[in-house]
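This report concerns the contact between two chains and the surroundings of one residue. Please consult the sequence and the coordinates alongside the text.

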Amino acid sequence: MTEIVIDVQAVEKHFYRFRNPITGALRRMFRVKPRPGTYEIFRAVDGVSFSVRRGEVVGIIGANGSGKTTLLKMIAGLLPVDAGSISVRGRVHALLALGMGINPEFSGRENIFYGGLLLGMSRAEIAEKLPAIVEFAELGEFIDQPFRTYSSGMRARLLFSISMSITPEILIVDEALATGDVAFVQKCFHHVSQLLSRGVTMLFVSHSISQVRQFCSRCIVLEKGRLVFDGDTDAAIAHYISGQHRQLREQTFSGNLGPPMLGTGEVVINSMHLESNGVRILEVVIGEPFALVIEGMSKTDLAAVRICCEVYTQKSPVTFSYLPLPVAVFGAEEAAAPFVLKKGKWRIRIDLAAFTGGDGMYRIDVEMFPARTDYHFSYETCYCYYRRALEFNAIYRDPRLFGRGVLAELPVAKLAVETDC
Amino acid sequence: MLTLALMRSFVRQLRFSLAITERDLRSLYKGSVLGLSWLFLRPFVYTVGYVLIIMFVLKVRPGNGVSTLDYTLHILSGMIAWQPLQRSLEEAPSLVRERMEVLRQIVYPIETLPVSSIIISLIPAGVTFLIYAALAVLQTQLTWSVLLLPIPVLLLTLLLTGAAWIFMVGGVVVRDLREVVAVLMGIFVFLSPVLLTPEMTGELLWNIILINPLAHVVLCFRDVLQGTFHPVSWIIFVGLTAIILLSGAFIMARVKLMIYELI
């Protein structure tokens, strides 16, 4: 086993809010115990322990406010630790934000120089790396123009190139990897992969599940400052997503779906989930079959009912695109057929041949309404309408195979190759 | 121990601090037509302006056979000490706040923050010194003791570094500190040996003025510039520097990491 380079033991971080901002801050500064009742305390990181061995790439995932950045800052030495201990062996570089110390009046060259200085490089080191940085940033003859004249793409490229010029032993990256156009993002990924193949240890915070999946073999999941999972990336992501779902469900529907948000309420959906091969799933694999199972009850006998499931996408972590309109409805013929609902409990199962959207988070809105030919849909007269009834994550079978920038996988029925013609 | 380690790291980082100073200097006037010449032009125009006003508009004659030119030299020699004192003490409380964004994201040697502010504050004093020297040569008053000028300059630099550490920390907690320091320094310049002479004030007021330790800093600079010697002032200057530098380093070493939490 290789040596441990980052060792975090039972670390806690408390943020105080003092009634009196001056005496409170002074007490805090000199670590005098504040008097009870004069402050409120917020535990940003609460008893987190883990260790990282040389050459490991560990992802840190968690919802906003779960303490990821605070933890990284403590490891980087940018925040004092309130309890527990952190020991780090090796030269650490924290990329918490891009563009530190950039002066818009300075030329690209000057900004590279002073940016490198702030990253802890010496003059000679920067001079030696300058051509590589300029080349990497693809700035060409603009390098001696003032930074303020650059296009936003050029700015992003330059900032990233400066940050990437360091040769760390331990790299701490916080959400900094997604800048510039697709080609440049790929170049950055390639650069990081190269660093990793040279044995650099990396801690990587990202909301982009595909980035985490690409780089990290191991992930820790933080929830409200506590470490709730530490292990294999796929399991960690499943844990994180199920946690997200649980929280969303708790926020919106407190456990089950309950009474509909809109509609007459004649039909109530109690729960919804996705299945694949008879197992409940939170992630849908693109191109593979899955089923949507809806359970509920109706208050009266209904002769003809239709169900409509609208699928919306959130920002895709891979394509970075927003599609705010409904991207899909479930089935035009089969699922749109009217059906009878008798009074009492019922269960609807919709089997889908394949998921054909791109990757990312999706939500499903469900509405059930009368199937009369003269019925015009409205939120007031439908039987029930549930916004955000279910959320799920769609992933590629193999992210490396499908690459980035893919909106959908088109199902191929047959691949025919003829030779000698 | 912590205090010593902090001072050692400060010395080790000097090269970095100088590069940052260069950056700050360049960014001050980047894009302007005259560029860095402003750094010298501005204090030059100001000082020459003061000299002309004192000599030809106000025609100050402090009495006892002291000529207007002598008094001008008196003021200039005082200003050489006072200018850097006033400027860097005023800037110190906001040093951390001004670089907050960088400090939050990068492991930055926070103890080096005063360096560029102090060096930049010494430049106008350098210009004033050149004008002083030119006038003194004309008056044949320039003494060999001027060669000792690096001694009080070094002491002043150390004093300002320690003071800046204390004020930096203070400024993080109490924002008003900057204004308080600015007001006090603005008033003290009129109640200090910069403008006044013992002949002008009388013995009682002069002794009151000398309660302010910064008055002795001015007297020591004047000793070197004009070939006088006030041993008590030197003891106070050296003692003050030692106390402020050590207590500044003591405080800085203890709260260095905590500052990150409070910004």
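The model is predicted: local features need pLDDT of at least 70, side-chain atom pairs count only at pLDDT 80 or more, and totals for chains, interfaces and linings use all residues. Residues are numbered from 1 along each chain as its sequence is written, chains are lettered from A in the order in which they are written, and side-chain values use heavy atoms, with hydrogens and water left out.

Chain B and chain A bury about 2,800 Å² between them, 69% of it on carbon and sulfur atoms; buried area is the accessible area (1.4 Å probe) lost by two parts on being put together, summed over both. On the side of chain B, the residues B:R23, B:Q105 and B:E261 lose the most area, together 23% of what that side buries.

| Quantity between chain B and chain A | Value |
|---|---|
| Residues in contact (heavy atoms within 4.5 Å) | 29 residues from chain B, 32 residues from chain A |
| Salt bridges (side-chain nitrogen of Lys or Arg within 4 Å of a carboxyl oxygen of Asp or Glu) | five |

A salt bridge joins the side chains of A:E110 and B:K30 (3.1 Å, N to O).

Within chain A, A:F136 counts as buried because its relative accessibility is 15%, the cut-off being under 20% relative accessible area (1.4 Å probe, protein chains only). Leaving aside neighbours within four places in sequence, A:F136 is in contact with A:F160, A:S161, A:F184, A:K187, A:C188 and A:H191. A:F355 lies 219 residues from A:F136 in sequence and 38 Å away in space, C-alpha to C-alpha.

How values were computed. Buried means under 20% relative accessible area, exposed over 50%, partly exposed in between (1.4 Å probe, protein chains only).
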